[in-house]
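Morning, everyone. Let me put the model up, and then I'll take it piece by piece.

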Amino acid sequence: MASGTIHHANPVIEVSHVCTRFGDAVVHEDVNLTIRPGEIFAIAGGNGSGKSTLLREIIGLHPQTEGTIRLFGQDVSVLGEHGAQNVYRRLGVMFQQGGLFSSLTLAENVAVPLKEHTDVSSELIRDIVAMKIVTVDLPMDSAGKFPSELSGGMRRRAALARAIVMDPELLFLDEPTAGLDPIIAAGFDALVLQLKAVLGLTVVMVTHDLDSLWRIADRVAVLGNGTILGVGTMHELAESSDPIIHEYFHGPRGRSAQSQYEVS
Amino acid sequence: MWKKYDFLVGYLRGGNFKKKNPKSGVLIWFFKKSSCRRKFCGVVQVSGHSHCSLFVLEKERKARLWFPKPVGYLLTQFFRLPMTGTHQNRPPHVLIMDDAVIRCEGSWIIPHLTMLNTLLTEIQWPLVRDLVWDVVNIRAMDTGGAIVLYRTIMELRSKGHQVSLEGLRPEFEELMQLVSSHWDRVHPALPVKEHKKKNFKWWVSRHTGHMVKALAFVGEATVHVFHSLRRPSLIRWRALFHSLDRDGYHALPITGLLAFLMGVVIAYQGAEQLRQFGANIFVVDLVGISLFREISPLIVAILIAGRSGSAYAAQIGTMKVTEELDAIRTLGLSPMQLLVLPRVFALVIAVPLLTVYADILGVIGGAMVASSQLNVSGVEFVGRFEESVALRHFFIGIGKAPCFAIIIAMVSCYQGFQIRGNVDDVGRRTTIGVVQSIFLVIVFDAVCSIIFSWWNI
């Protein structure tokens with residue numbers, strides 16, 4: 001909803017003192033995060049640092065062991081089915097593998113939230129769906145194809161189109177650029193920026209992609225050792241003295257991404 | 001009591017609703033929960049301030065109450081009525097002012113789109129050439145709303161009106177720009193899915209294709225069987241024993257129970273008839289021959305098809321989806337050797353053994369009914385059994401069992417290999433696998449019966 005809500009001071013997401021354990025394995029110990037409306041917030045960190053788990057906990061797909069997570073000011077874990085549905089309508093999620101329904105065509109996939117949650121006429125649904133498909137830069141003739149007939153990049157875009165079809169206030173992206181070629185990945189970054197500008201989205205993304213961290217993230221949280229090692233803009237983090245953050249951003253890839261960003 | 005109803009709250013401003021609602025205030029609509037929601041909408045057409053009318057496009061309205069503003073606010077707060085008409089989320093209105101200015105208000109967002117669409121199609125547009133759309137009061141807009149607005153404007157333009165948009169808030173301007181820039185690509189609409197023509201030729205080619213593929217599969221399997229028989233070291237013993245354990249040993253309880261019950265059922269059904277002729281002792285022939293020749297092998301085969309056949313198809317299909325099959329091939333291994341043969345061998349061993357087991361339990365069931373219903377004691381039963389039930393019946397049943405096993409394992413595995421990276425396909429192919437294997441088992445059984453009756457055995 002591109003309404004005036006964007007500039008409210010209330011945080012969209014508040015994660016406080018979250019701990020997660022899988023049996024004996026500790027994934028998170030005391031994670032605290034505040035995500036403000038209208039920003040592109042990235043969660044970075046090495047493999048296995050619990051980024052995706054944190055994302056799943058925020059969306060409410062996985063219960064945290066301790067602590068509270070508030071979405072739009074509401075505690076997700078205590079919401080009933082009805083309340084949860086209301087929250088889900090205000091957010092869109094793009095999963096790493098797309099999560100497209102394989103028995104539906106691309107257009108039908110994108111239309112699912114509209115068909116299920118609104119009483120919009122099918123003609124109008126078609127228009128909105130077509131608009132979203134074009135917005136994410138998919139060719140119109142792919143609309144009738146099934147997910148198995150689409151390439152990886154197209155599937156990612158289709159998933160994004162489905163995530164934004166209801167014009168959510170909050171968009172979650174799980175590794176949006178992983179496995180995409182650099183041109184498409186750059187296009188994806190530009191797309192996210194454009195969507196943020198047009199729809200007034202708050203974007204939360206989990207990513208490893210240093211290029212896209214430099215290019216689009218307003219703030220970045222680095223997860224490691226079960227906690228947040230640092231939160232801030234990329235420049236702030238690049239100056240950080242924390243050894244893990246330093247290694248993360250000043251490895252050979254980190255440096256080249258930074259220099260590329262600074263040149264452009 | 002309030003829970004039974006839904007409410008919609010509309011805020012009225014004085015002046016616009018001269019005739020029907022002279023005052024400003026809060027209107028509350030009550031709906032039975034079940035009746036369709038969100039259909040509320042008000043259209044006010046004001047022409048030259050002299051004439052105005054209010055259409056409420058609501059078919060299932062149950063009741064409507066009007067309250068003065070302060071009371072209305074208090075009520076909505078007190079009962080926590082859903083604030084459909086609040087500041088942020090007010091339903092959209094379109095007012096036609098002075099026959100040339102079209103004033104848009106409210107939230108042009110997806111939840112209100114249906115009403116907005118109805119509204120815009122019902123409105124009689126003024127006939128003047130220059131129309132000014134005053135959109136300064138649109139409080140919220142999303143892509144859906146922008147599409148509706150843009151489409152309406154385009155329609156008016158195509159009717160020869162000059163339309164100008166005034167006062168669009170800057171935050172919606174980009175959205176409108178996005179919509180207008182993509183409009184040409186969107187508007188030819190989505191391509192319709194093309195359905196392939198399903199004529200006779202298509203049907204024949206499809207089915208012959210399946211036959212060829214199935215034959216190729218059988219051929220490949222046969223070649224591998226001979227390879228393995230020549231070099232038993234090729235056989236995956238681990239997989240074979242694992243399969244034997246899961247599909248044979250763990251099937252014992254259910255097979256035994258069902259066979260026992262079949263024995264009971266057959267004896268019971270026969271008992272009625274036999275007692276009428278005083279031919280009680282023939283229950284032994286009935287139970288023994290029917291179980292040994294037909295019932296036991298069939299029951300075991302059907303159970304195994306449902307239990308293991310479905311699992312085979314789903315396992316192999318999922319391995320295909322997760323690219324495990326491709327990995328097997330690129331590692332220089334043969335899926336046939338690794339996946340199919342152990343399963344086929346395991347079933348070829350397990351099904352005859354299960355059949356013997358089913359024979360025994362079925363006869364025990366029959367004997368129990370015979371002694372309780374027909375006064376045929378256990379000793380008599382066994383004695384009669386020895387002289388009347390020829391050994392060939394037992395061997396015919398046992399002989400059919402491995403054939404059933406091969407049919408089940410091959411059909412299920414074949415269907416598993418046919419799955420093409422699609423979740424729907426896994427379910428469909430599994431079903432086909434089970435149905436086809438049961439079908440083929442029964443066809444094979446029927447053919448056997450005919451052949452045996454020719455040979456008089």
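How many helices and strands make up the secondary structure of chain B? The count is 13 helices and nine strands, taken as DSSP runs numbered from the N terminus, with helices being H or I of at least four residues and strands E of at least two.

Ground rules. This is a predicted model, where local features need pLDDT of at least 70, side-chain atom pairs count only at pLDDT 80 or more, and totals for chains, interfaces and linings use all residues. Residues are numbered from 1 along each chain as its sequence is written, while chains are lettered from A and ligands numbered from 1 in the order in which they are written.

Chain B has 457 residues, and 35% count as buried, meaning 20 or more other C-beta atoms within 10 Å of a residue's own, with C-beta atoms placed from the backbone.

Now contacts: two residues whose C-beta atoms, placed from the backbone, lie within 7 Å. Take those in chain B between residues at least 6 apart in sequence: 81% join residues at least 24 apart.

Confidence next. pLDDT is the predictor's confidence in each residue, from 0 to 100. Chain B averages 79, and 77% of its residues reach 70 or more. Residues 31-62 of chain B fall below 50, yet this stretch has 71 contacts in the model beyond near neighbours in sequence. Where pLDDT is low, the predicted coordinates should not be read in detail.

Finally, the interface. Chain A puts in 29 residues, chain B 32. On the chain A side, helix 4 gives the largest share, eight residues. For the complex, the predictor gives an ipTM of 0.81 and a pTM of 0.69.

Conventions: A residue is buried if 20 or more other C-beta atoms lie within 10 Å of its own, exposed if 12 or fewer, and partly exposed in between; C-beta atoms are placed from the backbone.
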